[in-house]
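Please read the following account alongside the sequence and the coordinates. It goes from the chains to their interface, and then to single elements.

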Amino acid sequence: MVDKRMTEDEVISELKDGMTIGIGGWGSRRKPMSLVRAILRSDLKDLTVVAYGGPDIGLLCAAGKLRRAVYGFVSLDTIPLEPHFRQARQSGAIEFTELDEGAFYLGLLAAAHRVPFYPTRAGLGSDMLIMNPELRTVTSPYDDGEELVAIPAFKLDAALIHMNRADAAGNGQFLGPDLYFDDLFAMAADKTYLSTEKIVPTENLLDEGPVHTLRIQRIFTDGVVEAPHGAHFTECPPDYGRDEAFQREYAATARDPEAWEAFRSTYLDASSHEDYLKALEARS
Amino acid sequence: MSTPAEATIDEICVVACAEAFRGDGEILCNPIGTVPFVGGRLARATFEPDLVYTDTVSVLPANNFPVGVPDAPKVVESWVPYRTVFDIVWSGKRHVMMGASQIDQWGNQNIAAIGDFRQPKAQLLGLRGAPGNLVNHTTSYWMPNHSTRSFVASVDVVSGPGYDRMRELGAPSNRYHEVRRVVSNLGVFDFQTDDNRMRIASIHPGVTVDQVVEATAFELAEIDDVAETRLPTDEELHLIREVLDPTGARKAEFR
């Protein structure tokens, strides 16, 4: 099998300005943070990010990397409102596509299945269609004639996801309670880059979880990055929980430009994931 | 043993939230927020034993495990990862109780933003699942800060559509829409009026109709002969205080 191992910076070198990038995980849960930080320290700009948003979208907003965010919500879970994302919305710094969370799922599903849209009732009557005037409705071709919202496919140039385990060929495994939508992100993207806590030999993939935890197939992955603690500070059970103290420190930087600069130089300017982990260790 | 006379406002609100789920049978009871969460579990522990409810992460616990106790043992009866919640939403077998930063007389709810959504004064939670919830299954609301800033003449963004929007939409799109009740720190409200405008269903003990009217920026229907919200029973108080919320987490929602 092909060996797809690469570094964070090699992944980022395959991305281009203006790309639409999907990011897996959910809120402040199992986000590919080492890849997000690699974007932050790159020259990439004008990105569109599609995500069940958490600190990935917040950090990209704070670093001025985003042209547009596509989301159903952007939250840090224990801190319900992502403060950097809020600031970006309130200052008008980013364009946005805000959808019903379930409609968002259908946009990913449509892209994964290569159909132009999936129909849903979600959005009728609410302001979702006013906030997104590009959305169209369709009429059922059957006798019921019901009008439904056509959620367009979220075609992604690239997707970034983080798995508990993977092999070097890009078969990915989740060991926590929820895959979220990572399989759909992988299928919806032209290129999918998977970071993982640990690369294991293929024959050992069933050592830590049953067969139904093997939900990312290598035919949908293009790169594998070994990044222990790579989801920090978001949670990545059963490997580790959320670093709530660090998350609070991060959230507080939205109110204080000096705190943001200090946070940035200490943690985000670290030239590699290894250096980031060293900076974490040095934390008092 | 506690007596009903000692029930505090948070416990009265828990029971009012529990009552929202009366008659629901075997569906997913999906409250959001601590008081609704305790209320949903109370309904299941008493008069709606067939309800299932989530632990808000990914499983359906079959036992009455407490809120605010992270390591409380759970008897898991099923797995509901996030994606499955949407499948259940679209199946209709769900009753959600959400919060609302703003609500109007038709039950239009806003949790998305304050001000113009294009560049809001305050970005809130976003649309979240509200648009899909309202057109697929029964919805109720919990609003612990009843004031003219939350019970407004017109919401800034319609996240969850109310009865005027649904009337405009008409059949068949409106067939699964029901806003069952709104529980606030002052009373219980519903839409059981001729034109589905919000009315006072009951006011909590110690609250006056004038107080409610003053804290509401639109005209409430049927403000004469208003009933009083029922008090918790001894059994309910025991369940709330000793079993479902022993640390009193529910009280934090009253500011």
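Domain bounds here come from an automatic or database domain assignment. For chain A that assignment gives domain 1 (18–99 + 154–200 + 211–245) and domain 2 (116–152). The C-alpha centres of domain 1 of chain A and domain 2 of chain A are 28 Å apart.

This is a predicted model, in which local features need pLDDT of at least 70 and side-chain atom pairs count only at pLDDT 80 or more, while totals for chains, interfaces and linings use all residues. Residues are numbered from 1 along each chain as its sequence is written, and chains are lettered from A and ligands numbered from 1 in the order in which they are written.

Helices (H or I, at least four residues) and strands (E, at least two) are DSSP runs, numbered from the N terminus. Chain A has 10 helices and 11 strands, and chain B has 7 helices and 13 strands. The radius of gyration is taken over C-alpha atoms, and the globule rule is 2.2 Å times the number of residues to the power 0.38. For the 284 residues of chain A a compact globule would have a radius near 19 Å, and the chain has 19 Å, which agrees. For the 255 residues of chain B the rule gives a value near 18 Å, and chain B agrees with 18 Å. Along its principal axes, the C-alpha trace of chain A spans about 65 × 50 × 30 Å; the box for chain B is roughly 45 × 45 × 35 Å.

A residue is buried if 20 or more other C-beta atoms lie within 10 Å of its own, exposed if 12 or fewer, and partly exposed in between, with C-beta atoms placed from the backbone. By this count 52% of the residues of chain A are buried, and 51% of those in chain B.

Two residues are in contact if their C-beta atoms, placed from the backbone, lie within 7 Å. On that basis, 35 residues of chain B are in contact with 35 residues of chain A. On the chain B side, the elements that give two or more residues are α3 (82–91), β9 (122–123), α4 (130–136) and α5 (163–169). The largest share, 6 residues, comes from α4(B).

Pro131(B) is placed in helix α4 of chain B. Is Pro131(B) buried or exposed? Pro131(B) counts as buried, because it has 31 C-beta neighbours inside 10 Å. Leaving out residues up to four places away in sequence, Pro131(B) touches Asp100(A), Ala122(A), Gly123(A), Ser126(A) and Met128(A), as well as Ser159(B) and Gly160(B).

A nonpolar core is a set of buried Ala, Val, Leu, Ile, Met, Phe, Trp, Tyr and Cys residues joined through C-beta atoms within 7 Å. The largest has 145 residues, and those with the most contacts inside it are Val49(A), Leu60(A), Leu108(A), Ala188(A) and Cys17(B). Domain 1 and domain 2 of chain A both give residues to this core, so it lies between them.

Beyond its neighbours within four places in sequence, Cys17(B) is in contact with residues including Val35(B), Pro36(B) and Gly39(B).
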